[in-house]
Amino acid sequence: MAATRDQAGSSRRIDFEEVLSRDLDEPVKAGIGLSRRELMKFCAGVAATMGLSTAAGVRMAEAAEAKERPPVIWLHGQECTGCSESLLRSYHPTLESLILDVISLDYHDTLCVGAGHQALDYKHAMMEKHKGKYVLVTEGGCPTKDGGIHCKVGGKTQIELIKEAAEGAAAIISIGSCASWGGIQSADPNPTGAKGTQEIIPDKTVVKIPGCPPNPYNFLSTVIYVLTFGKVPELDQEGRPKFAYGRLIHENCERRPHFDAGRFALEFGDYGHRQGFCLYKLGCKGPETYANCPAIGFGDVGEGQWPVGIGHPCFGCVEKETAFTKPIHSLATVKTYAPPAAFPDVDMALGTGMSPGAAAVVGGAVGVAVGAGAVLLSKMGKKDGSEGGEQA
Amino acid sequence: MAHTAHRLARAVITPTTIVLAVIVAIAVYFIVQRYLYGLGAVTNINPGYPWGTWVVVDIVIGTALGCGGFAMALLVYVFNRGEYHPLVRPALLGALFGYTLGGFAVLFDLGRYWQAYNLVLPWYTNLNSVMVEIALCVMAYILVLWIEFSPTVLERFGWSGLRRFVERWMFVVLALGVLLPTMHQSSLGSALLVMGTKLSPLWFTVWLPLLYVTSALAMGYAIVIFEATVVSESFDLPSEHSLLSKMSTVVGGLAAAWLVFRYGELIWRGDFGYALVGDLKAVMFWIENLLMAFAAIVLLVPAGRASKRASFLAAVALLLSGSLYRLDSYLVGYDPVGNWHYFPSVPELMVTIGVIALEILLFLIFIKAFPVLANARPAARNA
């Protein structure tokens with residue numbers, strides 16, 4: 001059994017000493033300008049993002065360095081191309097190093113150089129050439145109403161295009177919420193009958209990277225993982241990789257302590273909002289949304305750069321039941337612990353005030369002093385009267 | 001030293017001393033509790049109010065009431081007004097117990113009292129600390145007071161050689177006896193400067209040290225008037241009123257100057273409005289000042305000064321005013337961060353009352369055991 005697994009590639013034996021003794025500053029492929037060191041750093045970063053070991057990073061670099069770059073066919077459906085736009089803005093690695101060095105992006109509806117029949121013919125040729133080996137990426141929803149006529153490329157409906165490409169694909173990845181479950185066009189009343197890729201090809205495993213747009217690094221990490229280990233990463237019941245969608249946003253949110261302490265922003269721009277309090281009461285869907293946004297952020301500009309981090313409630317873009325379904329400002333269903341109805345008073349009275357006993361003791365002492373003084377004064381008064389003349 | 005002082009020839013054990021002793025015994029019981037079970041078991045002090053009655057009444061107010069020694073030393077030896085010398089010994093005796101028991105009471109309040117000896121180890125001394133200044137200065141002053149008082153004890157036991165030696169060097173001790181209280185009585189005010197905005201603007205001012213030392217001085221004279229009057233009235237001794245009424249001008253002048261400065265400074269810095277808001281702080285502020293104003297007016301008006309009763313009442317008013325000023329600036333006018341409350345617990349109060357009772361008790365015993373009072377005639381049966 002073990003030998004079979006080894007040959008399958010997922011646990012392919014690698015001589016780490018040999019790999020690490022290679023010249024790190026040598027370009028991995030002629031004419032591309034990416035050194036082995038840069039590739040190793042990138043793959044180590046990807047492995048870390050996915051919670052894998054450094055050895056997995058080395059494996060990924062090995063896989064990425066292989067002579068034959070794995071071919072990728074990328075289809076677009078009903079969408080805004082935001083997912084590709086998001087991917088274009090990734091910097092570690094940049095999209096060009098991904099598509100030129102790591103994978104072979106043989107066909108992409110919006111990024112391909114060719115046009116018209118030329119492009120489509122090339123796509124068919126590649127699908128034929130790499131049958132059973134290419135990775136299919138779908139972006140955008142698929143209309144099903146009226147025979148799927150609401151989205152066509154080259155005279156074929158999106159349903160036909162997906163089924164055709166899925167036939168010879170080694171792995172299928174849906175990028176974005178539209179490809180994952182229909183996205184914004186599937187929102188009620190869903191005039192085109194938009195559906196996700198999985199619903200078109202229900203008998204195939206589709207890895208879903210939902211999000212509007214998804215974090216490009218979740219996509220890149222999944223692609224590299226598939227290329228390295230020849231299998232898809234562990235998925236949840238919705239078909240999403242657990243490394244990215246295993247935890248609620250609420251669990252890793254930097255504003256979580258405010259939620260637990262009962263400090264909420266109640267309006268945009270109010271005191272709590274300006275103080276960075278929890279956005280739950282502004283409709284933040286973090287408590288019902290599974291994503292790693294607080295952990296990895298967006299835009300490669302540092303910590304805290306994600307919707308909640310910059311002061312807008314999460315709208316649950318990765319969740320079919322939430323995004324485009326629930327009103328943005330309605331309260332989330334808290335899947336962990338619901339906030340208590342009453343929080344401990346932040347201005348709770350501390351210390352011990354006056355007790356009846358203490359009041360009695362103080363009163364008694366004052367009484368004794370006043371009494372003694374009065375007795376003394378009355379004695380003195382008599383003398384004052386009698387000795388008044390002498391003293392004045 | 002023209003005058004001679006005598007022991008008061010009265011029974012030491014009287015109903016008064018028995019009652020005082022019982023109060024002291026109750027206090028001792030609670031002090032034992034404090035050492036067995038800790039501060040929390042006995043007191044109500046808390047992180048918001050770390051200074052409770054044990055600090056504010058026993059030390060801050062207690063030492064101010066013990067400023068008789070300071071005030072009389074300043075008047076008699078620095079301003080060279082020898083005519084007031086008969087008042088020095090009782091004043092010193094009052095100061096002796098005010099300070100000794102105040103210093104002693106600190107040990108109840110120190111959380112880690114077993115570390116207290118580190119205060120006197122110079123290599124551990126933090127010279128930037130107001131608290132260190134107060135602690136070292138009060139310790140030194142207690143020693144000075146005992147030396148200042150020692151001729152009385154030496155006279156009693158007839159150790160004239162030692163007494164002559166002490167009196168030859170007394171000028172050094174007396175100089176210290178004026179210097180040290182000036183330092184730590186002002187530092188008790190400086191200790192409040194770190195409170196910043198926690199202290200109401202009615203009390204918080206950079207002049208706190210000056211207000212503290214001058215009111216302590218006024219209280220020193222007032223306690224001499226108070227104590228001399230109470231002793232002579234209680235034991236039917238010849239009145240010292242003629243001497244006291246001369247001194248009253250000084251007290252009245254000090255009280256008036258203190259008030260003028262306090263109001264002037266408050267108005268000049270623009271915080272007088274706080275006195276008009278009608279809350280507890282404002283009410284306490286007015287009580288303090290009206291008592292002080294009453295004392296100043298009575299003691300500055302010749303008719304008031306001449307009346308034994310009026311000047312006694314004025315002295316009491318001044319002592320109350322000075323004590324309230326300290327109580328207010330340390331507790332009433334102080335708002336810690338957080339919603340903290342404090343009122344002393346019964347055991348805490350009993351310890352404070354016990355300390356005061358012990359002061360009175362020791363004073364009564366000492367005037368009967370040692371030649372303190374100038375007006376106590378030698379009794380025939382106690383020659």
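What percentage of the 383 residues in chain B is buried? Buried residues, meaning those with 20 or more other C-beta atoms within 10 Å of their own C-beta atom as placed from the backbone, make up 49% of chain B.

This is a predicted model, in which local features need pLDDT of at least 70, side-chain atom pairs count only at pLDDT 80 or more, and totals for chains, interfaces and linings use all residues. Residues are numbered from 1 along each chain as its sequence is written, while chains are lettered from A and ligands numbered from 1 in the order in which they are written.

Chain B contains 14 helices and one strand, where helices (H or I, at least four residues) and strands (E, at least two) are DSSP runs numbered from the N terminus. Of the chain B contacts (C-beta atoms, placed from the backbone, within 7 Å) with a separation of 6 or more, 81% are between residues 24 or more positions apart.

The predictor gives the complex an ipTM of 0.82 and a pTM of 0.60. Its confidence in each residue is the pLDDT, from 0 to 100, and 97% of the residues in chain B reach 70 or more.

| Part of chain B | Mean pLDDT |
|---|---|
| Chain B | 89 |
| Helix α7 (residues 160-168), lowest | 86 |
| Helix α11 (residues 280-300), highest | 95 |

Over residues 379-383 of chain B the pLDDT is below 50, and this stretch has four contacts in the model beyond near neighbours in sequence. Where pLDDT is low, the predicted coordinates should not be read in detail.

In chain A, strand β7 (residues 169-175) runs parallel to β9(A), to which four bridges join it; A:Ile172 has A:Val206 as its bridge partner in β9(A).

Methods:
Buried ≥ 20, exposed ≤ 12 C-beta atoms within 10 Å, placed from the backbone. Contact = placed C-beta atoms within 7 Å. Pairing = 2+ DSSP bridges. pLDDT = per-residue confidence, 0-100.
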